[in-house]
Amino acid sequence: MVNRDQHSLEHKLSLLKQTYQQNLQKELASLCQVLNAMQQTLRAQLMAAGDSPVAEQQASREMLTDVYRRLHKLAGSAGTFGFDAIGSQARILEGGLKRWLEESDQEIDLQLVNVVSSQLQSMQVELIPSLQSAPTIETPQEMDGSTVTIWLIEEDANLGRHIREQLTNFSYDVRLFNSVPEACQHMEDTSPDILIVDAMAGVGHLSPLQALSCPLLFISDCDTFDARMRAAQLNAHGYFLKPLNIPQLVNRLEQLLQERQSPPARILVVDDDQQLAAYYQLVLEAAGMEVRILDNPRHIIDQLSSFRPELLLMDVHMPDYDGPDLASVVRQYDEWSSLPIVFLSAEMDLGKQVDALSHGADDFLTKPILAAQLVASIRVRVARSRTLSALLNKDSLTGLLKHASIKSAAINEISRGYRQRYSVVVAMVDIDHFKSVNDTYGHATGDVVIASVATLLRQRLRQTDMIGRYGGEEFLVVLPHCSADDGRKRLEDIREYFSRLRFSQGDQEFACTLSAGMVCSIDVAEHDHDRLLVLADEALYRAKRGGRNQVCQ
Ligand SMILES: Nc1nc2c(ncn2[C@@H]2O[C@H](COP(=O)(O)OP(=O)(O)OP(=O)(O)O)[C@@H](O)[C@H]2O)c(=O)[nH]1
């Protein structure tokens, strides 16, 4: 189904193309005029039957060099806007001119100018005044930020209710059905974000539910190759054995949701051709990315700091500064040393492409480029860079920031709070008697408990809050723009939820608690971030000494 956004995108693209076509007509007419003027001058010289003066020769060479540059630009942009034939002709012509200008020191003669002129005229003929259809770009399905709905199909009503209760603790909205046909009856009016099916209840009858095209997880008490293979053939996103390890299941659910909800990629575009830059912006935004265009390359570092792009898409040849030089400037800053830089240029010369890459760029895309190809290349680059950055900065068990990253994030946020006069709550959260969890149920189960605290913190805090794994079973939480009262309420809420979770190891079921120590920046006279971290740690110590399972301030 085509939605309104898609219509509006097509409309905007079509307007951009119309404008481009008008400019293209003007540009070709203007190039023809230049060639016309050169033809006249050269003819006049021929009539005078003398050698043309050096100054005039120099002027003709400069004019032809300018024609070459304009054709080079045109070769890059025409195909992008759907004028493929003109783009190809411009590419051939600019290539020929370039070779002639580089390799020949002959005088510019009428024959050469005639050839260029007739090619330009045929390009004008080619430019039929009908716009080609706008490219369609796949718009990602948006998940709204509200509650996640899970459909659970479980034959055993008691077990179903138990699972629903546990998942509700993690803020999921769970609808329980005891058979696939029962769930199918509700497909008309509503649909889930995730489907969890008891393998016994469903494997044979699932096909109607597959139309829901949401992630599918199986729960089962049958751990055989055949059962797992059947699940794989049904494209299941997970297979969990009973008795269910709820935190493990929740971790998988969170992973699936994160994959679908990952924030839009932020792209900074640097191109002196404003129309092309607007086109890239439109195409990338339509694919769900956030795009900013840099008008003045001198402001590149300011823009990087304020927009914090995840990829820099840059033209190679610009009037004032070349792309590779700009890339070198960016690379001088440690903070931006791993920012992906992709050149998008009409440059076909392999040597120059390699040279551009050696200045610190990661990739080279050649203009013209299809919208879908541009989107795919950028998506892959950003995804890879996110994976790398997650590996570097995120803890593998919890997916939270590692010690060094959360500490520096905390220091930056506290300092910003002091500067901009808003309050920041800093809290240390620690699982109670965790050593005995490890000792009694094993290290692997201990890991599940740690991961479930991380999940709970992520779920019950705001997107703008920062959470990191500070030590083994200790977490550092930073809540910007938060009063002491609000911070305390949120931590109490997390403490309460955590105490209600049930963990299992074999047939044994157990619960855990956590303690937290917090401090609010405006309650501390000295503007010292290290002091806040010490005070939060001291408050945690008081919570432990006071009997654990509590929040102290
Ligand atoms: N399973 C698991 N255990 C870990 C990990 N990192 C640290 N630990 C364990 O966490 C336990 C922390 O224990 P302690 O600091 O003595 O404190 P506690 O038992 O939690 O008791 P209180 O904090 O005083 O309530 C140690 O046994 C560590 O081995 C991890 O990644 N996984």
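Me: Which element gives the largest share of the shell around the ligand?
Reply: This is a predicted model, and in it 15 residues surround the ligand, with Asp432, Phe434, Lys435, Gly446 and Gly472 the closest. The elements that contribute two or more residues to this shell are β11 (424–431), α17 (434–441) and α18 (443–460). The largest share, 4 residues, comes from α18.

Me: How many residues of the shell around the ligand are charged?
Reply: The shell divides by residue class into 3 nonpolar and 5 polar residues, with the remaining class being the charged one. Asp432 and Lys435, which are among the closest residues to the ligand, belong to the class that includes Asp and Lys. The number of charged residues in the shell is 7.

Me: Which residue of β13 is the bridge partner of Gly468?
Reply: Gly468 belongs to strand β12 (residues 466–469), where Met466 and Gly468 point one way, Ile467 and Arg469 point the other way, and all are buried. Strand β12 pairs with β13 (residues 474–480) in the antiparallel sense over 4 bridges, and the two strands form a hairpin with 4 residues between them. Within β13, the bridge partner of Gly468 is Leu476.

Me: Is Gln275 buried, partly exposed or exposed?
Reply: Gln275 lies in helix α11 (residues 274–286), and beyond its neighbours within four places in sequence it is in contact with Leu16, Thr19, Tyr20 and Asn23. Of these, Asn23 is 252 residues away in sequence, yet its C-alpha is 9.8 Å from that of Gln275. A residue needs 20 or more C-beta neighbours within 10 Å to be buried and 12 or fewer to be exposed; because Gln275 has 17 inside that distance, it counts as partly exposed.

Me: What percentage of the contacts with a separation of 6 or more is between residues 24 or more positions apart?
Reply: The chain contains 20 helices and 17 strands, and of its 553 residues 37% count as buried. Among the contacts in the chain with a separation of 6 or more, the share that joins residues 24 or more positions apart is 66%.

Notes. Residues are numbered from 1 along each chain as its sequence is written. This is a predicted model: local features need pLDDT of at least 70, side-chain atom pairs count only at pLDDT 80 or more; totals for chains, interfaces and linings use all residues. Two strands pair if DSSP finds at least two bridges between them. A residue is near a molecule or strand if its C-beta atom, placed from the backbone, lies within 6 Å of it. Two residues are in contact if their C-beta atoms, placed from the backbone, lie within 7 Å.
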